[in-house]
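Trainee: Could you take me through one spot in this model in detail? I'd like to see how a single residue sits in its surroundings.

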Amino acid sequence: MMSGKKIITSIIAGLSVLGLGLVVNPPAASAGKPDCNGRLCAYGEINWVGLLSPASATRGVIFNFSGLANDKTSSWSNETAVDGEYYSGANRGGSRFCANYRTANGWVGSGANDIFSSFYLFSNTTTCS
Ligand SMILES: [Ca+2]
């Protein structure tokens, strides 16, 4: 088993091989999606920036965005094990948009941007398509 010091030495050696530039200049934040902790998350900006409250939804229960979170969603991620849907109207009304399980969408598109007013997570294996 490697000692802590040996492990650190090995890591430093590995980073040296990769080049110091990789350490000094990490990838831009937009390159990755933030952890949504296994929930359904909506964000006010593209590429998962600006988490809208709340970040989670209970399965089988309609959730209406309220106040400043209404008509703001520009990206989302669904880390749950079930499909969800966003709607342009309150109470699952209006146009419907799928948020399939374990997928993420960094840009909902101009036709869906800033119009979501409610969402719903299925309580079973219903597939949104
Ligand atoms: Ca927005």
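Mentor: Let's start with tyrosine 87, which stands opposite serine 118 in S8. Keep in mind that we're looking at a predicted model. Tyrosine 87 itself belongs to strand S5. That strand covers residues 84-87 and runs antiparallel to strand S8, residues 118-121, with 4 bridges joining the two.

Now zoom out to the sheet. S5 and S8 are part of an open sheet of 4 strands, ordered S3-S8-S5-S6 and paired antiparallel. The edges are taken by strand S3 (63-64) and strand S6 (96-99); each has a single partner strand, so one side of each has no neighbour in the sheet.

Back to our residue: is tyrosine 87 buried or exposed? Buried, because 21 C-beta neighbours fall inside 10 Å, and the cut-off for that label is 20 or more. If you leave out residues up to four places away in sequence, its contacts are Arg92, Gly93, Gly94, Ser95, Arg96, Phe116, Ser117, Ser118 and Phe119.

Of its 129 residues, 23% are buried, and tyrosine 87 is one of the buried ones. Among contacts between residues at least 6 apart in sequence, 68% join residues at least 24 apart.

Technical notes: Residues numbered from 1 in each chain as written. Predicted model: local features only at pLDDT ≥ 70, side-chain atom pairs only at ≥ 80, totals over all residues. Pairing = 2+ DSSP bridges. Buried ≥ 20, exposed ≤ 12 C-beta atoms within 10 Å, placed from the backbone. Contact = placed C-beta atoms within 7 Å.
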